[in-house]
Amino acid sequence: MIEPIIRVENLKKTFKVSKRANGLPGRIANLFFPKYEYKKAVDGISFNILQGEAVGFVGANGAGKSTTIKMLSGIIYPDEGNIEIAGFIPYKDRKKYVSNIGVVFGQKSQLSWDLPVVDSFELLRRIYSISDSVYKQNFEKFVDLLDMSSFINQPVRQLSLGQRMRADIAASLLHSPRIVFFDEPTIGLDVVAKEKIRSFIRYLNKEQGVTIIFTTHDMQDIEQTCERLILIDKGHKIYDGSINGLVDAYAYEKKLVVEFMQDYTIDEISDVLINDLEGHSKEFVFNPHKVSVKSVINNLSKYDIVDLTVENMNIERIVRQIYEGEIKL
Amino acid sequence: MKKNRVNTVHMMLFYSKITINAWFQYKLDAILRSFSVFLREAGTIAVVYFTLITFNDINGWNIKELMFLFSFIFLTYSILIIFFTGLRDFEWIVNDGRFDRFLLRPRGVLFQILASNSDWFAAIGHGGLGVLLFVLSANNVNVEWSALNIIYFAFTIFGGVLIQGSIFLIIASLSFFFIKTGNIRDVFYWNIRSFAVYPISVFPKIIQVILIYIIPFAFVNYFPSQFFLHKSDMIAYPEIYIYITPIVGLTVYLLAYLFWRVSLKHYKSSGN
C-alpha cells in the first residue's frame, strides 16, 4: 500500500465579498453600512494523490481551482478541512514546506523583468540554498530540454511569451521539488510552444517521477500529460478518475451533420434528435449504443445530400458541456 | 545559526547586486534619477531658505539651524529607501502577485520584501543633499565632534530610519485590508514629514502631540537637533526626549512588526 503524498480532506474556503449596491443612494449607504455576501469558493473537496501521479485539475473560471491551489501551496489558510503534503501542513510549516514544491503561474512571472534569465536563476539558487552540484546539473538539463541556450543571457523583457514561460518553468524547478503545481502554464501560447511545454511536463513526470498537478483550460494539455482528471465545479469535486473513464461514461452522444441540397422536412426518426442548422444543414443527435450511424443514414437516403460528417464526443466537448450545465455528473 | 546569519548577509548583498544591475540596464535613467531627486529636494529647500531668510529666526532658530534640522530628514530618508523601499511600494507588490511568490519561497516574507527592493539611485540623491546640508550647517552651528557625539549621532540616525520604516510597515500592513493605500501614505507619511521641516514648537499643541506621541516624527529630527543645538524652546518638553530616539525607533518598529504579523494572518485567511 503506497501512502499518498498529497492528502486533502473536506477542504472548505469561504470569501467575504462586499455587495455592490445600485444607484448613488445605495452606494452611499453601502459606504457606512457595507453589506457582504459570502461566497463559497471551495466547498468540501477531498482527494488523495500518490507520489508520481500526474493529475489534471480542471474547472470553469470561478470553480475554485485557484483557491484550492493557493491552499495547497500554503498561500492561504483553509477555513475547514485538512491538507497534508509530503508530511507537512502547508500553511503551518511554510518555510520548510515550500522547498518541497514548485509552483508555475502562467499569468505571473517570477523572473526579474530587466535582468538576464540567468541572474534570476542565480538568485533562486541562493534563496533555496541549492548545492553547486544540484544547481549545475539542473541548470544544464533544463537549458537543454527546454531549449533555452539562445536566450538564457537575454533580459526577460526581450523574450517571447513562450520563451519566458519555459524560463519560468525552469526557475520553479531548480531546487528539484518533488511536487509541482502548474497553473495554466500554456495560456496564450501557440501550438508549437504548448507542445514543448507538454513534452517537458511528461518528461518530469515519467522520467523523474515528479508529482504533477496541472490546471488548464486546454483539455489537450491534460490528455497529453495526465492519466487522472479531477473536475471541480462551484467548489465541489464532480469527477475524479481516468480521462478515458470520463469519455467512456459520457460519450453517449454522436452527432451527424448533414448538408442537404434544399430545405427538406425530415420525417421523425425514433431516438434521434433533429436540429436545424444554417443553410440547408441539419444535425442528428443520437446515442450510438441505441441507434447505429447506418440506420440514421438509411433514413435519409431519399433526400439529396451534399455533405455529411460524424462528430464524436471528445474530452474537450464533454468538459465544455459540463461547464455549460448540459451534462450533469 | 551562525551559518544562517552569514547566509542572510550574503543574500542581502546579492539582492543589492541584482537591484543595482537592474537599474543599470537603463544607465542614463539611473544617473538622471539621482540628479533629479537631488534637484527636486534642493528646490524645496531653496524655497524654504529664501522664505525664511527675511526673518531673523523662528522661535529662536536661525536659518543655519533650520538647515541642520533639515539634514536629518534627508540623511535618514536616504538610508530608509535603501532598506524599506519594498514597504514604500508595497501596494504594487501585492497587486502584481509578487507577494504570493514571496510566500512560496523558503525565506522570511518581510526579509524578501525589504531585501529585494532598494531605491539606490534616489538614495544617492537624498543622501548627497543630506550630507551637503549637514556639512554646511554643522560647521556653522558649532557642533563639536567628540566620540560620544558621533556615537549619539549614529544611533539617532538608526532610530530615525526605524521610526520612518515603522510608518511604512504599518501602511504596508493596511494594504492587506484596502487595495489602495497611496492616500493613506500621503497623509500619514508625507504630510507629517512636511511639518517636520520646522521646529515643532511653532505648531499648535495638537500637532505637537501628534508629532511626538502618535507619529513620532519629532524624534527623527527635532529632538536629535536639540541634542546639538540646545535651543530654548526645548524647555516645553521633557529633557529625556533628546536621548531616546533609538529606543523610540525600536519600540515603534516592534509594534509595527506585531501589527504586520496580525495583518499577514488576515491576508492568509481572506486571500485579499
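This is a predicted model: local features need pLDDT of at least 70, side-chain atom pairs count only at pLDDT 80 or more; totals for chains, interfaces and linings use all residues.
1. Domains of chain A. The domain assignment divides chain A into domain 1 (4-248) and domain 2 (252-312). The C-alpha centres of domain 1 and domain 2 of chain A are 43 Å apart.

2. Antiparallel pairing around β1(A). Strand β1 (residues 4-18) of chain A pairs with strand β2 (residues 36-50) of chain A in the antiparallel sense, over twelve bridges. Within this pairing, A:Lys16 is placed opposite A:Tyr38 of β2(A). β1(A) also pairs with strand β4 (residues 80-85) of chain A, again in the antiparallel sense, and here there are five bridges. A:Arg7 has A:Glu84 of β4(A) as its bridge partner.

3. The six-stranded sheet. Chain A contains an open sheet of six strands in the order β5-β6-β7-β3-β8-β9, and its pairing is mixed. At the edges are β5 (101-105) and β9 (236-242) of chain A, each of which pairs on one side only. On average, neighbouring strands of this sheet are turned by 15° against each other, with direction ignored.

4. The β3-β8 pair and helix α9(A). Strand β3 (residues 54-58) of chain A and strand β8 (residues 228-233) of chain A are joined in the parallel sense over four bridges. In this pair, A:Phe57 faces A:Ile230 of β8(A) as its opposite residue. Helix α9 (residues 243-250) of chain A packs on the sheet, where it touches β8 and β9 of chain A. The direction of α9(A) makes about 105° with that of β9(A).

5. Strand β6(A) and its burial. Because five of the five residues of strand β6 (residues 179-183) of chain A are buried, this strand is largely enclosed by the rest of the structure. In a regular strand, side chains alternate between the two faces of the sheet. Both faces of β6(A) are covered: A:Ile179, A:Phe181 and A:Asp183 are buried on one side, and A:Val180 and A:Phe182 are buried on the other.

6. Neighbours of β6(A). Five bridges connect β5(A) with β6(A), and the two strands run parallel; A:Val103 stands opposite A:Phe181 of β6(A). β6(A) is likewise parallel to strand β7 (residues 211-215) of chain A, to which five bridges join it. There, A:Val180 is opposite A:Ile212 of β7(A). The chain passes from β6(A) to β7(A) through helix α7 (residues 191-208) of chain A, in a right-handed β-α-β crossover.

7. Helix α4(A). Helix α4 (residues 117-127) of chain A is largely enclosed by the rest of the structure, because eight of its eleven residues are buried. The buried residues are A:Val117, A:Asp119, A:Ser120, A:Phe121, A:Leu123, A:Leu124, A:Arg125 and A:Ile127. After α4(A) comes A:Ser129, which has a positive phi, near 50°.

8. Contact between chains A and B. On chain B, 19 residues are in contact with 24 residues of chain A. The elements of chain B that give two or more residues to this side are α1 (2-24), α6 (98-103) and α13 (245-270). Of these, α1(B) gives the most, with six residues. By residue type, the side of chain B that touches chain A comprises seven nonpolar, seven polar and five charged residues.

Notes:
Residues are numbered from 1 along each chain as its sequence is written. Chains are lettered from A and ligands numbered from 1 in the order in which they are written. Two residues are in contact if their C-beta atoms, placed from the backbone, lie within 7 Å. Ala, Val, Leu, Ile, Met, Phe, Trp, Tyr, Cys and Pro count as nonpolar, Asp, Glu, Lys and Arg as charged, and the others, Gly among them, as polar. A residue is buried if 20 or more other C-beta atoms lie within 10 Å of its own, exposed if 12 or fewer, and partly exposed in between; C-beta atoms are placed from the backbone. Domain bounds come from an automatic or database domain assignment. Two strands pair if DSSP finds at least two bridges between them. Axes are lines fitted to C-alpha atoms, for helices over the stretch in contact, and angles run from 0 to 180 degrees between N-to-C directions. A crossover is right-handed if, with the strands pointing away from the viewer, the path from the first strand over the helix to the second runs clockwise.
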